[in-house]
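Let's walk through this structure together, strand by strand and then helix by helix. Please keep the 3D view open as you read.

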Amino acid sequence: MKTSDFYYDLPEELIAQTPAEPRDSSGLLVYDRNTGKTEHKHFYDIVDYLSDRDVLVINNTKVIPARIFGIGTETGCKVEFLLHKRLSINEWKALCKPAKKAKIGSKFVFGDRLSCEVIGAGDMGERTVRFAFDGTFEDALSEVGQMPLPPYIHEKPKDGSRYQTVYAERDGSCAAPTAGLHFTPELLKKLSDKGVKIIEVLLHVGLGTFRPVQSENVESHIMHSEYWQISANSANALNEAILSKKRIVCVGTTSVRVLESAISPDGTFSEGSGETNIFIYPPYKFKAVGALITNFHLPESTLIMLVSAFCGRENTLNVYAEAVRKKYRFFSFGDAMLIVGRMDDKKDKPQDIVDKD
């Protein structure tokens, strides 16, 4: 399978530059894998598609101000560091630009309370850095760091919290789990009042989620590992859902990757944590996920490949083409899809577009 098999044309004007206001007013394309039909709704209509027979799995990671700019202590050059994976209390993996200015042994300062030394070098501008700081690292970082918005977003949001989910708790991500950006506290309460059980898991979003696929053969791409965690309470709730034959609805590809990484061979979950470099692309047999809420993703990305594994590649491209025709908003601040129904075979089903405008 080729990376180019997951390409689609997207007009630049459909790349969302600002989030919807309010959050749950964004568009929602509902796709049924059984029938191939689509419906066009708003995200707040998701209440109509979930019931007390569903559990909703959310990723409670929190984006840190991971983009920092350092000044070389010897050269005076300015280098951008994008922190993407914590290794210890004071060591991180980071992407540097320009990387040639961040050689092993070079030192950088970031304001009065934070400095670092480059102690390792990897491919494509990746560096290992050791920080020194006054007080706590988190406080020092918050003074100099910027929210790491994707490069296709050219307009910084007035409210930085709009690049966080309303349930973000655990610091550690360098990008937001964007499918969760559509939820409001009020919408979550409506779902809970309806009997939908909400289950929290954790995956710190790093390079594994957003780094481009650079090989033409999909199978040659190697995912970077990302940290995940499932608590005892969440594992028990997932097992109860499976035993009761409830549908597991994942919010975002990150939640999918947690469950598909953590599920045991006997189809159950346990409290645990670890690193996952799972790469999901067609054909793939999902072990836990029954429905998926996700945004519209970049062409040829690992994210659209995961969606294609869930829906079928041609089905996914057909739905994306419909979303383009309907002028849905794409990528991080864009609209969402809800994918329901079962796909009993690996063949794509005929696409039946239903215009609900």
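What follows looks at a hairpin, a barrel and a pair of helices.

This is a predicted model, in which local features need pLDDT of at least 70, side-chain atom pairs count only at pLDDT 80 or more, and totals for chains, interfaces and linings use all residues. Residues are numbered from 1 along each chain as its sequence is written, and side-chain values use heavy atoms, with hydrogens and water left out.

Start with strand β1 (residues 27–32), which pairs with strand β2 (residues 37–42) in the antiparallel sense over five bridges. Strands here are DSSP E runs of at least two residues, helices are H or I runs of at least four, both numbered from the N terminus, and two strands pair if DSSP finds at least two bridges between them. Val 30 faces Glu 39 of β2. Four residues lie between the strands of this hairpin, where Gly 36 has a positive phi near 80°.

Now turn to the barrel: six strands close it in the order β5-β6-β7-β10-β9-β8, with antiparallel pairing. Within it, β7 (residues 91–97) and β10 (residues 126–133) share five bridges, and Ala 94 sits opposite Arg 127 in β10.

Finally, the axes of helices α6 (residues 302–311) and α7 (residues 313–325) come within 7 Å and cross at roughly 115°; axes are lines fitted to C-alpha atoms, for helices over the stretch in contact, with angles from 0 to 180 degrees between N-to-C directions. The two helices are therefore roughly perpendicular to each other, a term that covers 65 to 115 degrees.

Methods
Angles under 35 degrees count as roughly parallel, over 145 as roughly antiparallel, 65 to 115 as roughly perpendicular and the rest as oblique.
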